[in-house]
Amino acid sequence: MRRFWIHTVLPMLFVLIPALAGALLVAALPPDARRDYFARVSQSPIDWLILALGAILFVVQLRLAWKAMRWKINSFDESGDNWLSHLAQAAEWFPLLGLIGTVAAILQTFGKIAPGSNPTPAEIIRNYAPAITATGSGLFMALMNILPIWIAQAGRELIKGLAGEVVPLAHVQHTEPLS
C-alpha cells in the first residue's frame, strides 16, 4: 500500500497543487475585479494569446512534473528534467507579452483622444482599463508557469523522505553554541 502511495498518489497530488494555487488566486480576487477582468479578456486578442500559450505551457509542464516525480526502482525519471527547466524559464516571457499588450492598449487609448478635445476622466478610464488586463494575464501566466518545476523538486524531496531515503538539508547553517 505504501508503494502505491509513493509511486502513484503523491505525484498526482503534487501535480494538482499548481492548478489549485491558480484557482485560489483567482478566487481571492475581489469579485468586481474578477468580473471586470473576465469581461475585458473576452474582447482582447493579446490576452487570448497570453492565456492560450500559458495554458499550453502549464499543461505540458504539469505532465513533465508528474513524470519527474514518478519513483522508479532506485531513482526518479529524470528524462524530462531539461525540458521542465527550459519551459519554466519560458515563463519569463509572459510579463513581457503582457507589457506589449499594455503599451498597445495605452497607445490605442491616446489615439482615440482627438486633438483639442476634452475627454472626461470616465472616458479615459474606460479606454485605459483594457491595458491592465494584458499585464494581469502576463503576470498570472508567469506565476502559474514557475510553479510546476518547484513542485517537482519539492515533491521529489518529500517522496524520497517517505520512501526511507535520507534527504540532506540543503540550507541549514551550522553555528557554534553560544557560551
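The model is predicted. The chain contains 6 helices and 0 strands, giving the pattern α-α-α-α-α-α along the sequence. Its radius of gyration is 22 Å, whereas a compact globule of 179 residues would have a value near 16 Å. The C-alpha trace extends over about 75 × 50 × 30 Å along the principal axes. Of the 179 residues, 30% count as buried. The accessible surface amounts to about 11,800 Å², and carbon and sulfur atoms contribute 69% of this area. Among contacts with a separation of 6 or more, 78% are between residues 24 or more positions apart.

Helix 2 (residues 31-41) and helix 6 (residues 121-162) have axes that come within 10 Å and cross at roughly 95°. Since angles of 65 to 115 degrees count as roughly perpendicular, the two helices are therefore roughly perpendicular to each other. Helix 2 contributes Y37, R40 and V41 to the contact, and helix 6 contributes R126, A129, P130, T133 and S137. By class, the residues of this contact comprise 4 nonpolar, 2 polar and 2 charged.

Helix 6 also contains M141. This residue has a relative accessibility of 8% and therefore counts as buried, the cut-off being under 20%. Beyond its neighbours within four places in sequence, M141 is in contact with I50, L51, G54, A55 and F94. The C-alpha atom of M141 lies 7.2 Å from that of A91, although 50 residues separate the two along the chain.

Notes. Residues are numbered from 1 along each chain as its sequence is written. This is a predicted model: local features need pLDDT of at least 70, side-chain atom pairs count only at pLDDT 80 or more; totals for chains, interfaces and linings use all residues. Side-chain values use heavy atoms; hydrogens and water are left out. Axes are lines fitted to C-alpha atoms, for helices over the stretch in contact, and angles run from 0 to 180 degrees between N-to-C directions. Helices (H or I, at least four residues) and strands (E, at least two) are DSSP runs, numbered from the N terminus. Angles under 35 degrees count as roughly parallel, over 145 as roughly antiparallel, 65 to 115 as roughly perpendicular and the rest as oblique. Contact means heavy atoms within 4.5 Å. Ala, Val, Leu, Ile, Met, Phe, Trp, Tyr, Cys and Pro count as nonpolar, Asp, Glu, Lys and Arg as charged, and the others, Gly among them, as polar. Buried means under 20% relative accessible area, exposed over 50%, partly exposed in between (1.4 Å probe, protein chains only). The radius of gyration is taken over C-alpha atoms; the globule rule is 2.2 Å times the number of residues to the power 0.38. Accessible areas come from the Shrake-Rupley method with a 1.4 Å probe; for residues, only the protein chains shown count as cover.
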